[in-house]
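Colleague: I've got a structure open and I'd like to learn how to read it. Could you walk me through it, one feature at a time?

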Amino acid sequence: MLRIAAHVRDDKAMADAVQRTIERFGGIDMLLNVAAVIEPAPVTTLTMNQYDYMQDINCRATLLMTKLCLPALELSAQAGRTPHVLNISPPLNMAAEQIGRFPGYTVSKYGTSLLTIGMAHQFTDLGIAVNSLWPRTTIDTAAVRNKLGGDQVAATSRNVWVMADAALLVLTRSAYAGELLLDDEVLANHGVTDLEKYRVTPGNGPLTNDIFIDD
């Protein structure tokens with residue numbers, strides 16, 4: 001796995017990074033679009049620079065990276081492998097209280113989920129699977145600690161390994177296509193139902209649902 005980092009508006013730099021990846025590893029079988037940014041602000045205080053940055057990172061970069069990797073993913077399919085694109089974006093919860101919490105951020109992440117559905121439809125005949133994955137609970141990340149409640153929310157979260165394990169199953173052992181998946185559902189479908197090891201704080205207390213997930 002190679003992590004590609006380039007300025008999201010520098011299309012050439014991102015294309016060069018993809019090409020270097022192909023040259024180094026001989027191709028691309030999987031693309032994980034995980035980069036994201038959140039500005040949890042209401043419309044009244046959200047700046048247009050913040051809004052544009054979320055669209056660039058969360059939605060535009062997902063489309064761009066998928067387009068750049070598509071020729072290599074097609075070659076992977078033609079070679080008899082099972083290429084896969086996995087985006088980190090949520091189910092489309094249309095409840096007003098979910099959409100209205102942080103509308104600017106919602107647009108960027110729901111846009112990514114719509115891309116998942118649309119690309120999955122377009123890529124079916126190419127033999128390329130496209131899905132999205134989202135955590136049911138908050139995950140102990142810098143974004144949660146710095147933007148969504150600090151240590152208190154982090155303590156009622158799961159650790160990053162729950163998403164990592166679920167993503168690995170989607171990428172290597174699933175037949176999903178065009179699905180907006182939740183991490184615990186993926187794990188359960190593969191026989192993993194005891195999620196205690198993923199808790200940041202062991203015990204039976206309630207966990208905090210992630211954004212877009214109803215109680």
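**Reading the model, feature by feature**

Modeller: Happy to, and keep in mind that this is a predicted model. Let's begin with a packed helix: the buried residues of H1 pack against helix H2 (48-78).

Colleague: How many residues does H1 have?

Modeller: H1 covers residues 11-25, so count 15 residues, with 21 Å from the first C-alpha to the last. That is close to the 21 Å expected at 1.5 Å a residue.

Colleague: And which residues in H1 are buried?

Modeller: First, the general idea. An α-helix has 3.6 residues a turn, so residues three or four places apart point the same way. Now the case here: Met14, Ala17, Val18 and Thr21 are the buried ones in H1. They sit on the same side of H1 because they cover an arc of only 95° around its axis.

Colleague: What follows H1?

Modeller: Gly26 does, and its phi is positive, near 85°.

Colleague: Next, the sheet. In what order do the strands come?

Modeller: The order is S1-S2-S3-S4: 4 strands in an open sheet, with parallel pairing. S1 and strand S4 (180-182) are at the edges with a single partner strand each, so one side of each has no neighbour in the sheet. From one strand to the next, the twist averages 25°.

Colleague: How many bridges join S1 and S2?

Modeller: There are 4 bridges, in the parallel sense, between S1 and strand S2 (residues 84-88). Met30 has His84 in S2 as its bridge partner, and Leu32 stands opposite Leu86 in S2.

Colleague: Where do the side chains of S1 point?

Modeller: They alternate along the strand.

Colleague: Which strands does H2 lie across?

Modeller: H2 lies across S1 and S2, and runs at about 175° to S1. Helix H7 (residues 161-173) packs on the sheet too, touching S1, S2, strand S3 (129-134) and S4. The direction of H7 makes about 150° with that of S2.

Colleague: How many residues does the largest nonpolar core have?

Modeller: It has 34 residues, and those with the most contacts inside it are Tyr105, Leu133, Trp134, Val186, Leu187 and Ile211. Several elements supply at least two residues each, including H2, S2, helix H4 (103-123) and helix H8 (183-189). H7 gives the largest share of this core, 7 residues. Apart from it lies another core, of 18 residues, and among them are Met14, Met65, Ala72 and Val85.

How values were computed: Residues are numbered from 1 along each chain as its sequence is written. This is a predicted model: local features need pLDDT of at least 70, side-chain atom pairs count only at pLDDT 80 or more; totals for chains, interfaces and linings use all residues. Side-chain values use heavy atoms; hydrogens and water are left out. The expected span of a helix is 1.5 Å times one less than its number of residues. Buried means under 20% relative accessible area, exposed over 50%, partly exposed in between (1.4 Å probe, protein chains only). The arc is that of the directions from the helix axis to the C-beta atoms. Contact means heavy atoms within 4.5 Å. Two strands pair if DSSP finds at least two bridges between them. Axes are lines fitted to C-alpha atoms, for helices over the stretch in contact, and angles run from 0 to 180 degrees between N-to-C directions. A nonpolar core is a set of buried Ala, Val, Leu, Ile, Met, Phe, Trp, Tyr and Cys residues joined through side-chain atoms within 4.5 Å.
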